[in-house]
Amino acid sequence: MCDLLDSQQPAEKLSRMKKLRRTLSESFGRLALNKDDNGFDEICVTKMSTRNCQGMDSVIKPLDTIPEDKKVRVQRTQSTFDPFEKPNSQVKRVHSENNACISFKSSSTEKESPKIRRHSSPSSPTSPKFGKADSYEKLEKLGEGSYATVYKGKSKVNGKLVALKVIRLQEEEGAPFTAIREASLLKGLKHANIVLLHDIIHTKETLTLVFEFVHTDLCQYMDKHPGGLHPDNVKLFLFQLLRGLSYIHQRYILHRDLKPQNLLISDTGELKLADFGLARAKSVPSHTYSNEVVTLWYRPPDVLLGSTEYSTCLDMWGVGCIFVEMIQGVAAFPGMKDIQDQLERIFLVLGTPNEESWPGVHALPHFKPDRFTQYSAKNLRQAWNKLSYMDHAEDLASKLLQCFPKNRLSAQAALSHEYFSDLPPRLWDLTDMSSIFSVSNVRLQVEAGESTKAFGKNIYGKGQSHVKH
């Protein structure tokens, strides 16, 4: 909640917030579209004034230092509600510091409607156009949450499959902050391992984000192949995850919600980071972030203990958890009760921290030494025996799963770890938009129990096409 609102009465707070969100929603009216390389419309985003509003996320000393000469490039795009948040989600949201408005560029020859300036397709005036709801055909519902419904769809302009994230708008409140944040961030992220945002459609009742269609996610892929994935596939999935994270971290963006459900897997094996509703750019000067951000199983111990001083190391803990889960076939730290239970599971493997192993841990809000059983650290293979089956896997996992945040390996450093030494050197020279599968002899292996004939065509089966963008 913004500091500006803290001194006002509840009714006044609600009124001001509704006005702010309504203003943000109306900003979608300043729209025009450019074509991208795939024939879809590209979204251009400009920043809106902060209205002197500072959120709970106010002061942070980052763990990663941003070079002085690069600080001017950092955009501040914060927000709150997750438009796809499920009713039973363990993640809480807080109001943001500032927000972004969406604007679009168009040619001077295009007509401007009160709602949106749309880029006409080169065909006849009656043919489907980008930026219009009737330009997409809904094929089937893929999922539904508190704020949005996702459909598999098809573009009537070029015939490509798309995922339509339809966000329901409140008449009084307008577009959810996270929808604005997600659109503004994804506009500038062009990478083979990040889901591509094609188009935005804004009507009085809904805001629709049009994404590239990806067949499944890592969670469903692991469910389809229980007991742990093929070692070579684990390596390729992890390499792509680190590649996408390195790209956004170099642009001072944190994902903040890494989990298997948010890692999409295409039918060719490409892994793509998705669901940037909780992502945010690191601001300068840096800000204190909400500690209620990452789904419990993938939430680092510093955040569980109440720390709000974090940076890219937040995402790297999630990478370690996902790495272990892909190898072992079960979640690394599946807390079943609450934060206390989650921390106990972590300390059981990594050891209960103290000032020597984790400088400053006693200053964290929720760290009470008498509340935790005193465990000594174990070798990771004692907890997850399959780590010993893969060369250098245990060492990499141990450098990612560090309780002390500053000790965690960065995404860029992890890509250079010896674990990846047997991959083709060309993978490190690829351009951002090039798939790792464009390199010869790089391909997914057939998982146990999967036929070679089915692999590469439709390995997910019917009903396995859920996409969470």
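Residues are numbered from 1 along each chain as its sequence is written, and side-chain values use heavy atoms, leaving out hydrogens and water. Because the model is predicted, local features need pLDDT of at least 70 and side-chain atom pairs count only at pLDDT 80 or more, while totals for chains, interfaces and linings use all residues.

**Helix packing**

Helices (H or I, at least four residues) and strands (E, at least two) are DSSP runs, numbered from the N terminus. Axes are lines fitted to C-alpha atoms, for helices over the stretch in contact, and angles run from 0 to 180 degrees between N-to-C directions. Helix α5 packs against helix α7 (residues 313-328) at an angle of about 170 degrees, and their axes are 10 Å apart. This makes α5 roughly antiparallel to α7, a term for angles over 145 degrees. In this contact (heavy atoms within 4.5 Å), the α5 residues include F237, L241 and L245, and the α7 residues include V319, I322 and F323. By class, the contact of α5 with α7 has twelve nonpolar, one polar and one charged residues. Here Ala, Val, Leu, Ile, Met, Phe, Trp, Tyr, Cys and Pro count as nonpolar, Asp, Glu, Lys and Arg as charged, and the others, Gly among them, as polar.

Helix α7 also meets helix α10 (residues 393-400); their axes come within 8 Å and cross at roughly 150 degrees. A393, L396, A397 and L400 in α10 meet α7 residues, among them G320 and F323. The contact of α7 with α10 has ten nonpolar, one polar and no charged residues.

**F239 and its contacts**

F239 is found in helix α5 (residues 231-250). F239 touches L415, F420, L423, L427, W428 and I436, not counting residues up to four places away in sequence. F239 and S416 are 177 residues apart in sequence, yet their C-alpha atoms are 10.0 Å apart in space.

**Accessibility**

Buried means under 20% relative accessible area, exposed over 50%, and partly exposed in between (1.4 Å probe, protein chains only).

| Residue | Relative accessible area | Class |
|---|---|---|
| F239 | 2% | buried |
| R256 | 4% | buried |
| C313 | 5% | buried |
| Y252 | 9% | buried |
| C219 | 21% | partly exposed |

A search of the whole structure finds zero disulfides (pairs of cysteine sulfur atoms within 2.5 Å).

**Positive phi angles**

Y252 is found in the loop between α5 and β11 (253-254), and its phi is near 60 degrees, a positive value in a residue other than glycine. R256 lies in the loop between β11 and β12 (263-265); R256 has a positive phi of about 75 degrees although it is not a glycine.

Conventions:
Parallel < 35°, antiparallel > 145°, perpendicular 65-115°, else oblique.
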